[in-house]
Amino acid sequence: MAYDEVLAERIKERLESEGVTSKKMFGGITFLLQGNALANLYDEGLMVRVGPDGMDQALARPGTKQLVFRGKEQNGWVVLAEETLDDDVLDDWLKWAMEVTAELPPKK
């Protein structure tokens with residue numbers, strides 16, 4: 001199953017002016033800030049970087065679950081239920097992911 005292209009466009013519209021690029025990878029589309037992934041849209045939904053310190057707060061929000069990759073929970077990443085992503089909620093998650101990712105050293 002492919003990722004939601006309408007949601008991908010909504011994300012691109014919000015992030016392109018912030019210097020975020022997108023690249024098809026991991027079976028979906030990944031959004032990168034200075035070479036670091038801040039979000040990935042794939043067939044299971046939108047995963048966003050919230051940082052290890054943000055996990056409890058992120059998981060307390062509706063429509064979130066911890067990202068599990070190859071059977072292992074990924075600390076600092078959550079998967080969002082797409083039906084919860086109205087414009088305000090999407091903006092809030094993307095802002096959070098941008099702030100956390102901006103703290104990382106740029107990748108070359």
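Okay, let's start at glutamine 34, which sits in the loop between β2 and β3. A quick word on labels: helices (H or I, at least four residues) and strands (E, at least two) are DSSP runs, numbered from the N terminus. Before I go on, this is a predicted model, where local features need pLDDT of at least 70, side-chain atom pairs count only at pLDDT 80 or more, and totals for chains, interfaces and linings use all residues. Residues are numbered from 1 along each chain as its sequence is written, and side-chain values use heavy atoms, with hydrogens and water left out.

Glutamine 34 has a phi near 55°, a positive value in a residue other than glycine. Why point that out? Because most residues other than glycine have a negative phi. At 44% relative accessibility, glutamine 34 counts as partly exposed. On that scale buried is under 20% relative accessible area, exposed is over 50%, and partly exposed is in between, using a 1.4 Å probe and protein chains only.

Arginine 70 also has a positive phi, about 55°, and is not a glycine either. You'll find arginine 70 in the loop between β5 and β6. So, is arginine 70 buried or exposed? Exposed, at 77% relative accessibility.

Next, strand β2, and threonine 30 in particular. Threonine 30 is buried, with a relative accessible area of 1%. Its side chain makes a polar contact of 2.5 Å with the side chain of asparagine 40. By polar contact I mean a pair of N or O atoms within 3.5 Å; within protein, one must be able to donate a hydrogen and the other to accept it, and residues adjacent in sequence count only if both atoms are side-chain atoms. Setting aside neighbours within four places in sequence, threonine 30 is in contact with Thr21, Ser22, Lys23, Met25, Ala37, Ala39 and Asn40. Contact here means heavy atoms within 4.5 Å.

There's another threonine to look at, threonine 101, in helix α3 (residues 87-102). Threonine 101 is buried too, with a relative accessible area of 1%. What lies 2.7 Å from a polar atom of the threonine 101 side chain? The backbone oxygen of alanine 97. Leaving out neighbours within four places in sequence, threonine 101 is in contact with Leu33, Asn36, Ala37, Leu38 and Arg49.

Now the inside. A nonpolar core is a set of buried Ala, Val, Leu, Ile, Met, Phe, Trp, Tyr and Cys residues joined through side-chain atoms within 4.5 Å. The largest one has 27 residues, and those touching the most other members are Ile11, Phe31, Leu38, Leu41, Leu46, Val48 and Trp93. Two or more residues each come from α1, β2, β3, β4, α2 (55-59), β6 and α3. Which element gives the most to this core? α3, with seven residues. Apart from this core lies another, of seven residues, with Ala37, Tyr42, Met47 and Val79 among them.

Let me pick out valine 48, which lies in strand β4. Valine 48 is buried, at a relative accessible area of 0%. Beyond four places in sequence, valine 48 is in contact with Leu38, Ala39, Gly76, Trp77, Val78, Leu80, Trp93 and Ala97. Valine 48 and leucine 32 are 16 residues apart in sequence and 11 Å apart in space, C-alpha to C-alpha.

Over to helix α1 (residues 5-15), for arginine 10. Arginine 10 is partly exposed, with a relative accessible area of 22%. The side chains of arginine 10 and aspartate 87 are joined by a polar contact of 3.1 Å. Not counting residues up to four places away in sequence, arginine 10 touches Leu85, Asp86, Asp87 and Leu90. Arginine 10 is also 9.9 Å from aspartate 91, C-alpha to C-alpha, and these two are 81 residues apart in sequence.

Last stop, the strands again. β2 (28-33), β3 (36-42), β4 (45-49), β5 (64-69) and β6 (72-80) each supply at least two residues of the lining of the largest pocket. The largest share of that lining, four residues, comes from β3.

That's the tour, thanks.
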